[in-house]
Amino acid sequence: MNTMIKEKKSNQKNVEQEVISAELEENNMKVRVENFNFYYDTTQALKDINLEIKANSVVGIIGPSGCGKSTFLRCFNRMNDTISSIRYEGKIRIDEKNIFDDNLDVVDLRRNVGMVFQKSNPFPKSIFENIAYGLKINGIKDKNFIAQKVEESLKNAALWDEIKDRLHKSAFALSGGQQQRLCIARALAIEPEVLLLDEPASALDPIATAKIEELIHELKKKYTILIVTHNMQQAARVSDYTAFFMLGELIECDETNKIFTNPSKKITEDYVTGRFG
Amino acid sequence: MKKKKMEQFIGFMFLRVCIGLVILALVVILYDIFSKGSGVINWEFLSAMPRKGMTEGGIFPAIVGTFLVTIITALLSIPLGMGCAIYLNEYARKGKVTRLIRMSIRNLSGVPSIVYGLFGVVVFVQLLQLNTSILSAGLTLGLMTLPWTITASEEALKNVPQSYRDGSLALGATKWQSIRTNVLPYSIPGMLTGAILGLSRAAGETAPILFTGAAFYLPFLPKSFSDQFMALPYHLYIMSTQHHAIEKVRPIAYGTALVLIVLIFCMNFVAIIVRYKLRKVKME
């Protein structure tokens, strides 16, 4: 695992270099969604989605409640698999590999695609154990490495300074915003490449929200980030690209600036200007 | 306004009478047993063999027998019950079949204990050739407590928030890892509590051990799990209805009842302690 992470790091560097040298934008695509349909039983929740996401970019996913944003997000690490009677068609490619391939191990996929849930869900363990959990279940036993990784992840999640004196206290004693950053740190510890954030700040006050948004700006240097949000200002602030969903359809996806100032569809404009939703 | 208040008063009075009657019944039973049974309780009563056709001496073999049979019951019903509950709650697809299985298990807990007793005779005593023994009786009681253990364990698993499972799956845990490291540690207290309550019920049962291993009178202790045994509830039944000198042994019967009640009370108390201790660990 130790070496795995190192290898991955060097791979990441290679990717970054390629990104710089690549002239064709296509090489830069981390994620591709192709003709993707998703069904709960007989209800179609997502309709023929096509989307490409650049490496190291932040994609904000917006849309009214029940439009399929969260369902879409949970497809990237196949968390929907835990629900019975779901069905999908089409492909989602991460680094060109279809994540629905029969020979793809969903456990490996989830290691590579981290997720932070809407409601922060620290485990009833100490702060340290929360972060170490992902490393331990992935077979890492080296205590020094774990300790070092815990510190690094907490620093990356901008939480270290606030909690470094109480690493071994219960994670439940943290404030809501700290708990959510702890969950981000927990996801970062296993070094994913793609990070899924499902309304990570919906239950937080403005100051905690600002901290999370700041964090997202930092994180995109290393990760490709998809963030579902109800808050349009937040999408405008944190994302490079914005995808607007409605009734299970991807209406429009473009540079955030364009979506908020000059969208190509009338309905997008109506939504982002607050005429409905 | 007055009518509303009156209605409320009558309603509350009715509820008070309900709870009062229940407590009264409990107090009367406990008082009766304590007052008539505590007189015979002494060290000899607890540690000596019965003598002179059980009209004198103690109930030591019955205590030992109940203890041993409860061990067998626990060995069968705790692991099996927890396993079933984990499978049903975590692995089984949620659908009609699972619902049917769960409903059947719930219904099994309503089957009269004498039916379990007869089942035990057929399966353990005769079919598996275990004869009338501690083993047969323990396994019969184990089967009887299974529905309780399974149901209690399932409830304990349901109390673990789904977000613990999702959280660990999202970090790349396999389903088994997620259950083992992030679900079981938080449900074990509830599971154990349910299991111990089930055991305490089993320890007080007469019908299932009646034909499967309990003996009327043994002046010695069982040497192995394939021997017959004396048990507190069966001893109580004999002393209060079957003995040739019922009036004479009445105090012994009361003493036995008292020991049985105290034993079961202790088990329930242990269940509370276990839950409390483990819950404290969990919170730290």
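Here are legends for several close-up views of a predicted model.

Before you start, residues are numbered from 1 along each chain as its sequence is written, while chains are lettered from A and ligands numbered from 1 in the order in which they are written. Because the model is predicted, local features need pLDDT of at least 70 and side-chain atom pairs count only at pLDDT 80 or more, whereas totals for chains, interfaces and linings use all residues.

**View 1. The two chains and their elements.** Chain A has 11 helices and 10 strands, and chain B has 12 helices and two strands. Helices here are DSSP runs of H or I with at least four residues, strands are runs of E with at least two, and both are numbered from the N terminus. The C-alpha trace of chain B spans about 70 × 70 × 40 Å along its principal axes. Of the 277 residues of chain A, 43% are buried; for the 284 residues of chain B, the buried share is 40%. A residue is buried if 20 or more other C-beta atoms lie within 10 Å of its own, exposed if 12 or fewer do, and partly exposed in between, with C-beta atoms placed from the backbone.

**View 2. Where chain A meets chain B.** Here 20 residues of chain A are in contact with 20 residues of chain B. Two residues are in contact if their C-beta atoms, placed from the backbone, lie within 7 Å. On the chain A side, the elements that give two or more residues are helix H3 (106-112) and helix H4 (127-137) of chain A. That side of chain A has nine nonpolar, seven polar and four charged residues. In this count, Ala, Val, Leu, Ile, Met, Phe, Trp, Tyr, Cys and Pro are nonpolar, Asp, Glu, Lys and Arg are charged, and the others, Gly among them, are polar.

**View 3. Strand E7 of chain A and its partners.** Take a look at strand E7 (residues 194-198) of chain A: five of its five residues are buried, so this strand is largely enclosed by the rest of the structure. On one side of E7(A) are the buried residues Val194(A), Leu196(A) and Asp198(A), and on the other are Leu195(A) and Leu197(A), also buried. Strand E6 (residues 113-116) of chain A runs parallel to E7(A) and is joined to it by four bridges. Within this pairing, Val116(A) has Leu197(A) as its bridge partner. Strand E8 (residues 224-228) of chain A also pairs with E7(A), in the parallel sense and over five bridges. There, Leu196(A) stands opposite Leu226(A) of E8(A). Two strands pair if DSSP finds at least two bridges between them.

**View 4. Helices H5 and H6 of chain B.** Two packed helices are described by the angle between their axes and the distance between the axes. Helix H5 (residues 113-127) of chain B packs on helix H6 (residues 134-158) of chain B at an angle of about 130°, with the axes 9 Å apart. Axes are lines fitted to C-alpha atoms, for helices over the stretch in contact, and angles run from 0 to 180 degrees between N-to-C directions. H5(B) and H6(B) are therefore oblique to each other; angles under 35 degrees count as roughly parallel, over 145 as roughly antiparallel, 65 to 115 as roughly perpendicular and the rest as oblique. The residues making this contact include Tyr116(B) and Phe124(B) of H5(B), and Leu139(B) and Leu143(B) of H6(B). By class, the contact of H5(B) with H6(B) has six nonpolar, five polar and no charged residues.

**View 5. Helices H3 and H9 of chain B.** Helix H3 (residues 60-91) of chain B and helix H9 (residues 184-203) of chain B cross at roughly 140°, and their axes come within 10 Å. That makes H3(B) oblique to H9(B). Among the residues in this contact are Ala74(B), Ile78(B) and Gly81(B) of H3(B), with Ala195(B), Gly198(B) and Leu199(B) of H9(B).

**View 6. Two loop residues of chain A with positive phi.** Most residues other than glycine have a negative phi. Asp41(A) has a positive phi, near 50°, and lies in the loop between strand E1 (29-40) and strand E2 (43-54) of chain A. With 10 C-beta neighbours inside 10 Å, Asp41(A) counts as exposed. Asp95(A) also has a positive phi, of about 50°, and is found in the loop between strand E4 (86-94) and strand E5 (97-98) of chain A. Asp95(A) has 15 C-beta neighbours inside 10 Å and so counts as partly exposed.
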